[in-house]
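Subject: Handing over the structure, with notes

Dear colleague,

Here is the structure I promised to pass on to you.

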Amino acid sequence: MKESRILLGVCGGIAAYKAAALTSTLVQRGAVVEVVMTDDAQRFVGPLTFAALTQRPVYTSLWEAQEKIPHIALVRSADAFAIVPATANVIAKLAHGIADDLLTNAALAATIPLVVAPAMNAAMYEHPATVENLRLLRERGVTLVEPESGFLAERERGIGRLADEGKILAVLETVLARTRELEGERIVITAGPTREPIDPVRFVSNGSTGTTGIEIAREALARGAEVDLVLGPTSAEAPGKIRTHRVTTAQEMYDATLPLAQRASIVVAAAAVSDWRPSRAHAQKVKKTGAELNVEMVRNPDILAALGEHKNGAYLVGFAAETEEHEANGREKLRRKHLDAIAVNDVAEGRGFGGGENELVILHGEDGRIALGRGPKRELAARFWDAIAALRAKT
Ligand SMILES: Cc1cc2nc3c(=O)[nH]c(=O)nc-3n(C[C@H](O)[C@H](O)[C@H](O)COP(=O)(O)O)c2cc1C
């Protein structure tokens, strides 16, 4: 916590007073805390309390500072943004991208980790609108500190009481540690399909959208790594701070990846590379005639095997998209290609390609196995790095 810079957002609920106690603890632990309050939060606790605790100005309006754009400056100078307590209203705004005050503008502009601790009446918490809004936030990678059951302000018992301070602090500690977990690592990630031309308008490819690799790249960046992403043809985009190298064919992916991998400390090969390509690409569109078109396919270079052969001390993680005998095939590929770990997913009936969800198992060493479970690709990317960072720390 020491020297961490935390932006604390306080919303208009009874538990706003608990945010003052949290601020005091954070300051005592050496964190630099900046506080932003909604208008209604100030009905419950005065900004003066937070100003005295942090010995800093408290931010309450989009329109105060003339010399800088406050919501951008606030999130750029923080390591994490914690919203404690988060009202049903602010949760709804976050879920739908509404930015009508300083706190919600800052949240929308934030590329730092967002920690949200809801607190409200049980009926509000259990309302389908809130349930759905929280689901959306979780899916986008927001860390939620679930409220507890207990005595509520309405003098009834139920779920919705702000999580206790110890739990919020523990979550913040984990999130902050993660932001530095991959600091100093140079990571190369391949993602997406490749496209092998038959003629100028036709090609052989597969259903990969590159989302899994892009999410892994995004998460590596969020954990402090320097990231190069070699990305096949897909409409999906990676964040600007990732150095993205666009390629089309397997040969281009090979040519772009191998030199980058020589300078990398971790390589993650998540691309769905075509194993074969047409032996020749026709210069002109092949005309439709009554005759069959026979396309002879030749082997593409095996990028993962080449990475395994020319390993320059980098930790090498492959991916195996399998439709049968997933783990046995994955284990065999791990050994044959000299990988340190392999993430196996089942792509039978299109699972794993595109879509929001995936299910991964990481195999490593002789018989190591870590099941990452099923979940949104963004969440799986976080679990992926939790596992890989721990494995790498042991090497
Ligand atoms: C006494 C009182 C207590 C409230 N407590 C909560 C609460 O704990 N959680 C919540 O979501 N809303 C609570 N509300 C409703 C919010 O204050 C209201 O939705 C407000 O507009 C939220 O503003 P904000 O989300 O911009 O901070 C409370 C309202 C009152 C009058």
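I begin with the ligand, where the shell of residues around it divides by class into 9 nonpolar, 5 polar and 1 charged; here Ala, Val, Leu, Ile, Met, Phe, Trp, Tyr, Cys and Pro count as nonpolar, Asp, Glu, Lys and Arg as charged, and the others, Gly among them, as polar. In total 15 residues surround the ligand, and the closest are Gly12, Gly13, Asp40, Thr87 and Met120, where a residue is near a molecule if its C-beta atom, placed from the backbone, lies within 6 Å of it. The largest share of this shell, 3 residues, comes from helix α5 (residues 88–96).

Please keep in mind that this is a predicted model, in which local features need pLDDT of at least 70 and side-chain atom pairs count only at pLDDT 80 or more, while totals for chains, interfaces and linings use all residues. Residues are numbered from 1 along each chain as its sequence is written.

The whole chain

The secondary structure of the protein chain comes to 14 helices and 20 strands; helices (H or I, at least four residues) and strands (E, at least two) are DSSP runs, numbered from the N terminus. The C-alpha atoms fill a box of roughly 80 × 50 × 45 Å, taken along the principal axes. Of the 395 residues, 43% count as buried, a residue being buried if 20 or more other C-beta atoms lie within 10 Å of its own, exposed if 12 or fewer, and partly exposed in between, with C-beta atoms placed from the backbone.

The domain assignment gives domain 1 (5–180) and domain 2 (182–282 + 289–393), with bounds that come from an automatic or database domain assignment. The centres of the two domains, taken over C-alpha atoms, are separated by 37 Å. Across the boundary, 7 residues of domain 1 are in contact with 8 residues of domain 2, where contact means that the C-beta atoms of two residues, placed from the backbone, lie within 7 Å. On the side of domain 1 that touches domain 2, helix α9 (residues 165–181) gives the most, with 3 residues, and the residues of that side divide into 1 nonpolar, 2 polar and 4 charged.

A parallel sheet and leucine 114

An open sheet is formed by 6 strands in the order β3-β2-β1-β4-β5-β6, and the pairing is parallel; two strands pair if DSSP finds at least two bridges between them. Because β3 (58–59) and β6 (143–144) stand at the edges with a single partner strand each, one side of each is left without a neighbour in the sheet. Strand β4 (residues 80–86) pairs with β5 in the parallel sense over 4 bridges, and in this pairing alanine 82 stands opposite valine 115 in β5.

Leaving aside residues up to four places away in sequence, leucine 114 touches Phe81, Ala107, Val142 and Thr143.

In helix α13 (residues 326–336), Gly330, Lys333 and Leu334 are buried. These residues cover an arc of only 105 degrees around the axis, which puts them on the same side of α13; the arc is that of the directions from the helix axis to the C-beta atoms. On the other side of α13, Ala328, Arg335 and Arg336 are exposed. The buried residues of α13 pack against β17 (315–322), β18 (341–346) and β19 (357–364). In turn, β19 pairs with strand β20 (residues 368–376) in the antiparallel sense over 8 bridges.

Backbone details to check

Most residues other than glycine have a negative phi, and most peptide bonds are trans. Histidine 338, in the loop between α13 and β18, has a positive phi near 55 degrees. Glutamine 55 also has a positive phi, of about 55 degrees, although it is not a glycine, and glutamine 55 is exposed, with 8 other C-beta atoms within 10 Å. Finally, a cis peptide bond joins valine 84 and proline 85, with omega about -10 degrees, and proline 85 has its place in strand β4.

With best wishes
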